[in-house]
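Please open the model in your viewer and keep the sequence beside it. The tour below moves from one selection to the next and says what is there at each stop.

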Amino acid sequence: MLAAGIRAQLQQIVGPEHFLDRPDELLAYSYDATPLFQALPDGVIRPGSARQVAEILQLSTEHKIPVVTRGSGTNLSAGTVPIQGGLVLNTGRMNRILEIDSENLTATLEPGVITADVHKAVEALGLFYPPDPGSMRISTIGGNIGECAGGLRGLKYGVTRDYVMGLEAVLPTGEIIRTGGKNTKDVAGYDLTRLLVGSEGTLAVITRATLKLLPLPVARRTALALFADMVSAGRAVSRIIAARIIPATLEFLDNGTLQAVEEYAKVGLPTDVAAVLLLEQDGPEAVCAHDIQKLARICQEEGATEVRVAGTAAEGQELMKARRAALSALARRRPTTILEDATVPRAAIAQMVEAVQRIARQYDLEVCTFGHAGDGNLHPTCMTDERNQDEIHRTEAAFDEIFAVALELGGTITGEHGVGYAKAAHLEWKVGPAGMAVMRGIKSAFDPAGILNPGKILGRPGRKRVVVQR
Amino acid sequence: MNNLQEKELAEPATGMTPQDFNYSELLNCMRCGFCLPTCPTYQETGLEMASPRGRIALIKAAADGRLGLADITPQMDLCLGCRNCEPVCPSGVKYGALLEDARQAVAASKPRGPVRRLFFDVVFPRAGVLKLMGALLWLYQTSGLHWLAHATGLIRLLPRHLWEMDAILPRARAPWRRRHTVPAAAQTTTSTPTAAAAERRPRVGIFLGCVMEILFWETNQATIQALVAAGCKVVLVEGQGCCGALHAHAGEKPGALKLAKRNIRVFGATDVDYIVNNAGGCGAALKEYGHWLHGDPAWEPHARAFAAKVRDFSELLATLAPLDLPGLPDEKVTMQESCHLAHGQGVRLQPRHILRRIPGVTFSELAEPDRCCGSAGIYNVVQPEMSAQVLNRKMAQVKDTGAQTVVTTNPGCLLQMRLGIRRAGLEGQVRAVHIADLLAEAARQHG
């Protein structure tokens, strides 16, 4: 509960219609896209400017009120669940694209702009903003920056951090900082831009961003390859990269996902194969045509049982159907769908997928894996039922083990969903005690009162690392 | 079938409570948020509780006892019920069904006011009262009262959205001219079904609907004529009435079931192959009769058989031989889809197919053809502000197409588009018509 005086001050800052605290309003901001996590805030506030954000944070620091910054709430690590109550600061009203600069190839915008709207706006000018997280039709740029979102095009084009050139952000004390800018080269001091990207709302509230743009590729070609065993599929991925081709997307489905997809969407793929690779190249027409043939040849040489190359864009869409239907197909099997993002160096993909399958059997769980094979970012997805306590415990134990294997293979606990609250207990496995200490130092330098998204990233005591038996 | 008497069957308990909500279906929502960009009320407000994901969370919170029904009522009321969120849902959550349960619980928790009782217990269920309403409307429109009310400005004593609505209401047909006629050549005879089957003519029972029959009598007649022209045997089934959709959407499920049973009984007594309607909202409800009466051993099989025969007018027409149409003088046409036809019934290609076959028609898509226009049953009357916001967005897109004609497939949408045309000052430049009326027009044009 907020004290009446504070509530009145917050209402004064943003206007009473932009401060919400009816029971239904609080409930609606008590969750994000992460299953199993929910906590009520004490208020929801929707500022319209950086100045208002500054006033809100100043007041919150003064009264030690937690502030959780939230865009559309598509977070997958409980990063925007207000676990300690306080305020949810929703950036939805700050949603203007302020400038698209065709000479410097940048876009400057407010954090509440929807990612797909950025795509639409820049593509109309023949420009390209590559990050394309699965939730791009509703996720906000502010959220993408907070989580350093990835997507299907990560292999060739990188992730959100590679496209953020400058930021305006409000510190918990109410001061406004500006980092980076439109300069390609800029080494003036610590790289605070990169530090804020992926900081999950724990250091500052981003109020404006300048993004890097590329020229829009003119053409796109698609191919699909089926493999009888995981190892050949993994080898094909490694060979493709070794052949000095970087496909725009290189996606993967395992047998379980494929079966679910066939059952649900009937895309016409054989279900007795171990793995499907989906390959796309973009760029000039001639390069696409050349690369896609070469990719197909490599898959054949590595023992693909079948390779299909799309002749037209429409055929390409048809081939990508299997990948696009993956999440839906899996989500329909059971009430609760837990989507993880353990990531390994791409050479270790086959090993990782096989480990996931072994662990799923061991814990008697239904886990299917699909994901971004090209960048090693996998989505082991567990279909379960939150009402079955025993199964949920087994799921947690299985994911502990999956993360441990990923780390052993030189990978990480999260590729693109963030640590948030859901994986805070696993972070120390990845960064070690010294790494944790440095991160805590950074946190207190930005946020001495600890009001910004408390309990996230650094907030939970380290979990005991499981010993993996092989 | 004849032994099924609505009155004999005990009415289901009206007392839907949050404990009765379909909890498994509520859990199916994985909260991914993919529905948010498709939701008109979320688009307008930017608020999570005004989104499908938010509303499901509210319904679940009520089922969990974390919120009371009074807490969730405003958002249940604000929902258009357009179900635009359903096709994009990865988990396939049946949002419309969850909403109906919640609304039923909300309605059951409150005393039923006199207006509610008048509409849901007296007006819609009774064919005689509906006819009377039609006659009164005709009297009001032709006696000079309508003219007087508008000329003197007295009508403006009503809230703006109501007098605007009155201004765009079509002219009701005189009470003594309301009998439908089936062109003689194709009129069904008492011939046996086998004889009919030998002729391979689909036998079609026309579902007339309540609002359609009062306000759009000509559209119903045009529907009959088009079906006959396409080679159907059309049957006028006596004793039918309102489909119950308005009841179901307003949380009046017992009333809805009563109406469903009446329709199932009277159509069940015929031997029609199809039950054809021309109102997307009614069609979606008719197709759901099997679900509505799920678990009722006496009625469920009949309800399923009924639902299996239901077709939208365009859905059936698209499968038949093309009509021989002289066509229209060059006309640019766009289509505002009925939410319950597009999302409730999944009928999207067929009306477009029919429009494209009309000589002289150039078809131009709206930017968001399947996004609700804000009509949503009686939504535009009970939620005028949000309805107007949603309509403004729609009209801007209509203007962008440059079309002279907006085709719809549902009476509510048709009235709403006419309201939108009036508000946007486009009267005389743009018109809104039902697809059956456009076909009738194309059939009439000669030379």
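Which residue of chain A forms a salt bridge with E48(B)? Select E48(B) together with R70(A), for these two form the salt bridge, and their closest N and O atoms are 3.3 Å apart; the term is used here for a side-chain nitrogen of Lys or Arg within 4 Å of a carboxyl oxygen of Asp or Glu.

Before going on, note that this is a predicted model, in which local features need pLDDT of at least 70 and side-chain atom pairs count only at pLDDT 80 or more, while totals for chains, interfaces and linings use all residues. Residues are numbered from 1 along each chain as its sequence is written, chains are lettered from A and ligands numbered from 1 in the order in which they are written, and side-chain values use heavy atoms, with hydrogens and water left out.

**Between the chains**

Now show chain A and chain B together: 32 residues of chain B are in contact, meaning heavy atoms within 4.5 Å, with 37 residues of chain A. The area buried between them (the accessible area, for a 1.4 Å probe, that two parts lose on being put together, summed over both) is about 2600 Å², and carbon and sulfur atoms give 57% of it. On the chain B side, select L27(B), M30(B) and R31(B), which lose the most area to chain A and together account for 24% of what that side buries. The count of salt bridges between the two chains is 1.

**A pair within chain A**

Over all chains, a search of the whole structure finds 49 salt bridges. One to select is that of R96(A) and E110(A), whose side chains meet at 2.8 Å, N to O. R96(A) lies in the loop between β4 (87–90) and β5 (97–101) of chain A and E110(A) in the loop between β6 (106–109) and α4 (115–123) of chain A, so the pair ties together parts that are 14 residues apart in sequence. Helices (H or I, at least four residues) and strands (E, at least two) are DSSP runs, numbered from the N terminus.

**Helices of chain B**

Next, select helix α3 (residues 52–63) and helix α5 (residues 95–109) of chain B, whose axes come within 11 Å and cross at roughly 45°. Axes are lines fitted to C-alpha atoms, for helices over the stretch in contact, and angles run from 0 to 180 degrees between N-to-C directions. α3(B) and α5(B) are therefore oblique to each other, given that angles under 35 degrees count as roughly parallel, over 145 as roughly antiparallel, 65 to 115 as roughly perpendicular and the rest as oblique. Here P52(B), R55(B), I56(B) and I59(B) of α3(B) meet Y95(B), L98(B), L99(B) and A102(B) of α5(B).
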